[in-house]
Amino acid sequence: MNLEPLSYYTNGILQKDRNVLSKSITLIESNADTHQATANQLIEFCIQQNKKAKKIGISGSPGVGKSTFINSLGKHILDNNKSIAVLAIDPSSTISRGSILGDKTRMGDLIHHKNIYIRPSANGDYLGGVARKTYETSLICEAFGFDYIIVETVGVGQSEIEVRNIVDIFLLLLLPNAGDELQGIKRGIMELANIIIINKADNEHLTKAKISMTQIKSILPLMNQQQRNWETKIVLASALENTGIKNIYNLISNYYLSVHENELRINQQEYWKNKIIQDLVLSKIKSHPKIKKVLEDLSIKQQNIYTNYEAIAKLIDEIILD
Ligand code: GDP
């Protein structure tokens with residue numbers, strides 16, 4: 001990509017130029033050394049704009065209906081004259097696949113709306129890196145003036161924890177499979193959720209959905225609640241038939257009334273700053289010529305001689321005793 005002067009990006013964002021928005025996100029996603037200074041200044045500029053978007057994380061296993069749900073909830077938000085940016089954090093997400101393959105049918109109501117912006121997954125060397133880039137992308141979208149930022153992630157475990165740290169509210173979608181689904185979903189993930197949604201509560205799935213809801217309600221008191229002033233809600237919905245969506249929209253609004261947005265924001269920034277430091281330390285260590293050599297030696301010898309523990313201990317000694 002061509003690096004433009006900082007003012008190109010900042011002016012474009014202030015003027016709500018979508019083209020510049022996309023280029024700004026590409027800039028902050030870039031790992032090129034020559035882009036870092038401008039990217040950092042741009043993020044700083046965005047933070048200073050002091051705009052406030054509602055950041056919603058949405059998670060669930062593939063096929064649970066995340067894209068369909070984002071479509072329904074998105075329509076509701078747009079009907080209320082608010083704008084939305086949708087970001088995907090996992091490369092396997094329907095949004096990313098959709099963007100790559102041009103198959104966006106499940107978000108068909110949103111694609112062409114002027115108040116929505118859909119951006120597929122950020123690149124990162126590791127999941128925490130993706131979360132960091134997604135957070136930075138959300139800061140740009142926030143400065144651009146979006147009212148809502150939806151971050152989609154797939155229900156595999158670690159990615160939920162990463163996403164939970166960069167959004168205000170976390171929605172978990174479950175299938176109406178009663179016990180089966182509960183066994184598959186780790187309790188830890190349910191504990192992250194502020195609203196648990198049994199999706200596909202329609203037609204032949206409705207009875208199962210109701211059983212699932214009762215089961216989850218019965219185990220909820222055993223779970224740790226993440227948020228003060230807010231008890232996890234469990235609701236039924238059909239993203240396809242657009243039922244229960246208005247209720248969820250209202251619950252999200254209630255949630256914001258019950259929490260301190262500034263507190264959430266400070267926690268997100270703390271998490272993000274720690275990620276930056278981790279990234280920096282890791283990349284400095286990995287690119288140090290001595291360490292590179294040690295890593296190469298270890299990878300040759302490791303199989304026969306070293307256990308993992310010894311290999312790591314040796315590496316740490318190399319760094320500290322230098
Ligand atoms: P994702 O992989 O979680 O994003 O799931 P999708 O949104 O792509 O949906 C997967 C499949 O489930 C599609 O065939 C949808 O039409 C279907 N689906 C999504 N939501 C509902 C729902 O509320 N009810 C029913 N019956 N099907 C749904």
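Is C46 buried or exposed? I began with this residue in the predicted model. I find that C46 is buried, with a relative accessible area of 5%.

**Entry 1: cysteines**

The cut-off I applied for a disulfide is a pair of cysteine sulfur atoms within 2.5 Å. I checked C141 from its own side as well: C141 is in no disulfide, and its nearest cysteine sulfur is that of C46. C141 is buried, with a relative accessible area of 0%.

**Entry 2: helices α1 and α2**

I then turned to helix packing. How are α1 and α2 oriented to each other? I took the angle and the distance between the axes of helix α1 (residues 6-14) and helix α2 (residues 18-29): about 135° and 9 Å. The two helices are therefore oblique to each other. I note the crossing of α1 and α2 as left-handed.

I also listed the residues that meet. From α1 these are Y8, Y9, G12 and I13, and from α2 they are V20, K23, S24 and L27. By class, I record five nonpolar residues, two polar and one charged in this contact of α1 with α2.

**Entry 3: helices α4 and α12**

The second pair I examined was helix α4 (residues 66-79) with helix α12 (residues 245-258). Their axes cross at roughly 70° and come within 10 Å. This angle makes α4 roughly perpendicular to α12. I record the crossing of α4 and α12 as right-handed.

Which residues make the contact between α4 and α12? On the α4 side I list F69, S72, L73, H76 and I77; on the α12 side I list I245, K246, I248, Y249 and I252. I sorted the residues of this contact of α4 with α12 into seven nonpolar, two polar and one charged.

**Entry 4: N194**

Where does N194 sit? I located N194 in the loop between α10 (187-192) and β6 (195-198). N194 is buried, with a relative accessible area of 1%. I also looked up its relation to L172: the C-alpha atoms of N194 and L172 are 7.9 Å apart in space, while the two residues are 22 residues apart in sequence.

Definitions and conventions:
Residues are numbered from 1 along each chain as its sequence is written. This is a predicted model: local features need pLDDT of at least 70, side-chain atom pairs count only at pLDDT 80 or more; totals for chains, interfaces and linings use all residues. Side-chain values use heavy atoms; hydrogens and water are left out. Axes are lines fitted to C-alpha atoms, for helices over the stretch in contact, and angles run from 0 to 180 degrees between N-to-C directions. Helices (H or I, at least four residues) and strands (E, at least two) are DSSP runs, numbered from the N terminus. Angles under 35 degrees count as roughly parallel, over 145 as roughly antiparallel, 65 to 115 as roughly perpendicular and the rest as oblique. A crossing is left-handed if the near helix is turned anticlockwise from the far one by less than a right angle, and right-handed if clockwise. Contact means heavy atoms within 4.5 Å. Ala, Val, Leu, Ile, Met, Phe, Trp, Tyr, Cys and Pro count as nonpolar, Asp, Glu, Lys and Arg as charged, and the others, Gly among them, as polar. Buried means under 20% relative accessible area, exposed over 50%, partly exposed in between (1.4 Å probe, protein chains only).
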